[in-house]
Amino acid sequence: MSVVVGLLVFTGWVLDVPLLKSFVPGLTAMKANTALAFILAGVSLGMSQCEDAERDPVRRFVALVCASVVTAMGLLTLGEYVLGKDFGIDQLFVRDWRGSSGPFPPGRIPPIASLNLVAVGTGLLLLDVKSKKDRRPTEFLALLVGLGGLLGLLDMSYDFKVLYTGMAPNGILTFWVLAVGLLGARPQGRLAKLLSGEGVGAVTTRRLLPASIVIPLFLGWLRAQGQRMGLFGTEFGTGLMVLVNIVILAAMVLVTAQSLDKTDVERRRAEAELQRFFTLSLDMLCIMGFDGYFKRLNPAWEHTLGFTAEELRAGPFLNLVHPDDREATAAELKRLSAGLETIRFENRCRTKDGSYRWLLWNAAPYRGQRLIYAVAHDITERKRTEAEQVRLLQKTEAAEAKFRSLLELAPDGILIANPAGNIVLVNRKVEELFGYRREELLGMAEEMLIPGRLRKGHTEVRLGYYAHPETRAMHGAPDLLGRRKDGSEFPVEISLSPVQSEGEILVMAVVHDITERKRAEDSLHELRRQNELILNSAGEGICRLAPDGRCTFANPTAARLVGREVDELVGGDLHAIAHHTRPDGSPYAEVDCPALLALKDGKARCVSDEVFWRKDGSSFPAEYICTPIRENNQVAGVVVTFRDITERRSVEQMKDEFISVVGHELRTPLTSIRGALGLLASGHLGELPAKSQRMLEVAVTNTDRLVRLINDVLDIERMESGKVSLTKQPCNVPDLVEQAVEVMRPLAERANVVLSASPEPVWVEADPDGILQTLTNLLSNAIKFSPSGGTVSVAAQRQGNEVLFQIKDQGRGIPPEKIERIFGRFQQVDASDSRQRGGTGLGLAICRSIVQRHRGRIWAESQVGVGSTFFFTLPIGQEPQPEAPESHNAGKPLVLVCDDDPSDRRTVQELLERRGYRVAAVASGEEAIEQATAQKPAIIVLDLMMPGMNGWETTAALKEREETRNIPIVISSLLSPEESSQSPAHVTAWLRKPLEEGSLTQVLEMALHEQ
Amino acid sequence: MSKRILIIDDEDDIREVAQLSLEAIRNWQVLTARSGREGLRCAGAERPDAILLDVMMPDMDGPATLQQLRANPATQSIPVIFLTAKVQSADRRRFANLGVQAVISKPFDPLRLAEQVSVALGWE
C-alpha cells in the first residue's frame, strides 16, 4: 500500500495532478520526496517481509539499500531543519512550483514526517535486531511512526497553531500502514505477538487500543468544533467531554471486564479440566526446569516410581535415571534446553524399591520460562513383553534352527508335500537318495520319485490318505520302491504324518532306504535255507532245548534216530521222550540229565556211554554233546547233538577183543618161551656149554624186550583210545618220587648209577599210577643212558600253579635235531638203542600221553656229551586239610583198620587219629577177627584183597561170631560195589580206594550214628 | 617148607615150564591140570596148598573154576592165584574182587615165580 500511495502521489507530482497528491481536494498534499520515501520503504518492507529474506542476499541487499535511502532522506531533511540550510534535496526530483506550504520551504518534507521516515528507515534496517530478552528496536520505532502519524492527525483535526506538522492525510495514513507493516514484518516480536496473539492480553489490546485512540480523538474534535461554532463554552465543553469520556471508558471497561471475566472463567474451567486430566492421567506428566529439577509432577509419578512428589522434587531428575541411560538422558535434556522437542525417547528410571521402570518420553521446552513440559509413559510391561517376545523369537528361531539341523542330519529322507502332491520341503538325505538337487525337488510332484508304473496307484493312495490323515506306515504291495533321477529303483520304507500348516494339511513322508536291510534279509533267508539244508541233511540228530527244557527244534535225523516225527519232538520233553532210562534199565532222573544240567550251569557236556530210546521201546547206544547257547550272558538254551554209535561200539568192541586176544595170544607162547629159556639159562636144569649159555641169555633178553614191546604197544593203544581212565586225586609228590625211585633202584644198582631225589613237599592233582609210570619210564631211560658211576637226579618243585618235575642224567645227551622227535612213537636217538638198551621206543610217547591227559607239558633239554634233563609239569593239587585235631582221643570211638598194605594202613590210621578216633590197625583177616573180638571196636574198616583170609571171608567170619556180629563193617577197596561179585549185604558202607578223608569220616560218622 | 601146588592151565608148555620152575627153584611138589574141570577134581582129591589158575581157558575159564572151588567146602579155603596174560589194572581189580589172593601176569619170570607165590600167600 505504501508503494501504491507513493507512486500515486509521485505521479501526481510529476503530472501535476492535485488529486493524486492529496487524494482529497482541499487537503494538504504529500511531498514528492515523502512519496518517493514511501515507495522505497514499501519496497524495502516487501523485500524484508519474512526472515527468509536473510537467505536471499539480493532481496536483503535491495531492502537494506531502500531502507538506508529512506533513513538518509529523513536525516538529510532533518539536517536541513536543524542547520537551516537547503541541501538541494527538497526539489531534487520534482519541482514544487506552488511554493512553500506553511512554514516549511517548498518541496521539503515536514519535520515530523522526516522524523517518521528516519524511524521507518531505521526500523527497516534493524528489522532483525533483537535483544536477549527478545526486545526488538523496530517495534519501538514502529510505535514512534504511529505516534508521529497520530500527531499529524491531531494537528489536522484540531488545527494546531503551535505545533504545525504539515503532514498530508494520505501521508499520515501511509505512516500508520508502514508502522503496522514494521510490526507485522516480524510477527514473533513481542509487540507483534501482543497485538496479534490469541491471549487475553492480545484480545484486550486489540479491543481497547483502537477505542482508546479513536474515541478521545473524536470527542476532542467534537468539543473543538462545538466551541468554534459557539455552541458551548470551554468549561462546558471540557466537562461534557470528560463526562462522555468517563461514560464511554467506563462502558468499555465494563464490557472488557465482563469479557475478561468470561475468559477468566473459561480459563479457570480449562485449567481445572487440565488439572483433572493432569491428576487422572495414567501417564506421568511433569514440568521440569532446565536445571534438571522437577517443578511439578502429577500423581502418576508417585504411583509409578513410589517416591512422593517432594522426594522427586528434592533431587535432580538424572539421579533417578539408570546409569546406563544417564548419558543419553542428559543429551536429551540438552537438546530440550536448546529448544528442540523430544519425541519418543526411552530411558529407565529407578523406583523406590530399587527396581527400574522403562519410560517413554515426549517433551517440549518452554524456553521463555526455562521449563520443559514432559509426558512419560510407563512402558515397562511393554518392554518386558517385547523382551519376552524377543526371547520367544530367539527361542523359536533356535528351535527352528534346531529343527532344520535335525531335519538335515536325519538319517532318513524327509519330504513334505502339499495336498496337490507337490514337494514343499526336503532334507539332504532326500537329495542323496533320489539323486535330485533340492531346487529340482521343490515344487516337483512327489509321484516323480516312484517308478512310473506305480504312480497311478500312488495318486489314489495320496488322496486316500487325506481322507484319514494320521501317522502310519505307507503300505505297498509287495514292496515300496523309490525311483532315482537316473531311473534306477530301490526299496524303501515310508511313514506318513499329517502336518498342519497355515490352514492346510501337508503330508510329511519319512523315506528309509531299506536296500541294505533287504540285502541282509535276503542273505539271512539264504543262510536260513542253507542252515535248514545242513540241519536236514546232517547225519547227527540235532535238537535245541529251551531254558525250560522243552525241545524247540529237532532236525529230521533226530526224529528218525528216535523213531518219531519231528512234530513229536518239537514242543516235547526230549529227556522224557528218548532219555528216560539208563542203559541198565534203571530210571534216569531229570536232575541227572546232562542236557538239563547244562541248561542250569551253562557247562558243555559230552557223553558217550548212554543210550537213547526209540518210540518202539528199543534203544541204541548214543554219543551226545550238550552245548549251551549263551545270549546276554545267560543260558538261552542247549543244543543237543547226538548220534547212534552202535556201529562204532561194535567196531570198538571188535578192536578191544582183537587187542585182548592178540595180547593174550602173543603172551601165551612168550610165557612158555620165556619160562623155558629162563630155566635153561638159570642153570637149574643143568650146566650148559658157555656158548649155549650165552645164546640162551640172548634169547632171554630179547624175549623180555618183546614182552615189554607188546606191553607198551597195548598200553599206548589203550591210552590213546581213551580206554584208560585217569583217577585224579591229590598226590603227595615226595611219595610218588620215592616210590618211583624205589622201583628203579635195582636197575640203577645193576647199572652202577646213583639215584638222587629232592622233591619239594608239594601236592599234585593226578592219577598216581600214571605219574608213577611216567616217572619210572623217565628214570629208566636216564639210568640206561647214564655211564657207570653217573648220577641220575629227580627233583620236583612248585612253579605257579604247576609242579615241575626234572629228571636229570649225565648221559651222552640228545642232538638238538632229535630232541623234538623223541616223544614220538618208535623215535629213538640211535636206532641201535632198542637193541642195546632194551628200549621199545614207546616209553616217551606213553609219558607224553599221560602228562598231556593231565593237562601238563613234557619236554627235554640236552647238551650232547653232558647230559639230558627231562621236564614235565602237573597241575598243583591241594593237600587234604585235616580238621583241627582234638587234644586227646580218649573216649572216642575205636576204629579197627584191617589192610595188608602197610602204606594204606598207615594212611588211614593217621587220618582217623587226626579226626580224633582211636585206631587199632591189623594186617590180616585173622588178626582182625582176633582184635575185633578182644577190643570190640565201634567200627571196622576192612580191605577186600588180602593174602590169606580176604575181606569177604573176614566179613563172613565176623558176622558169624556173636561178639562181632553187630560191629558195622566199612569196605575199603579198589573196586566199586558194582564190580564186586559178592553182595555187599553185610557191610554198612563201601569206600573206594584211595580213600578221601572227607568221605571216610562222613561214612564213619553215619555208620556210628546209625548204630 | 615144601608146598604142594596145583597148576591149572590149558597150555601144556606153560604148565610144564611153571611146574619145572617151581620144582627146580623151590623143590615144591607140583600137580597139574589141563582144564578147569580137571583142576577141580584134582584140587578136591589132593587138597594142594595153593592153586595157580589160568584165567583164559576153553570150556571153564579161571573165574568159573574159582567159583566152583569156592563152592566146594573141600576146596573153598585153598588160596588161588590167577595167572593171566591180561595185565590191565581193571582186570586186576576184577580178579581181586573174585576172591583170589594174587594175580601174576604172563609171561612170568620162571626164576621168580615161586617167590611171587610165596609173597602173595604170606609164606615168607
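Hi everyone! Let's begin with a word we need: a residue is buried when its relative accessible area is under 20%, exposed when over 50%, and partly exposed in between, using a 1.4 Å probe and protein chains only. What we have here is a predicted model, where local features need pLDDT of at least 70, side-chain atom pairs count only at pLDDT 80 or more, and totals for chains, interfaces and linings use all residues. Residues are numbered from 1 along each chain, chains are lettered from A in the order written, and side-chain values use heavy atoms, without hydrogens and water.

First stop, helix α4 of chain A, residues 57-83. Helices here are DSSP runs of H or I, at least four residues, numbered from the N terminus. Among the buried residues of α4(A) are A:Cys66, A:Val70 and A:Leu78.

Now over to A:Gly675, in helix α23 (residues 646-682) of chain A. Is A:Gly675 buried or exposed? Buried, with a relative accessible area of 0%. Leaving aside residues up to four places away in sequence, A:Gly675 touches A:Leu670, B:Val17 and B:Pro110; contact means heavy atoms within 4.5 Å.

That takes us to chain B. In total, 31 residues of chain A are in contact with 30 residues of chain B. Between the two chains there is 1 salt bridge, meaning a side-chain nitrogen of Lys or Arg within 4 Å of a carboxyl oxygen of Asp or Glu. The partners are B:Asp109 and A:Arg674, with their closest N and O atoms 3.7 Å apart.

Terms used:
Helix = DSSP H or I, 4+ residues; strand = E, 2+ residues; numbered from the N terminus. Expected span 1.5 Å × (residues − 1).
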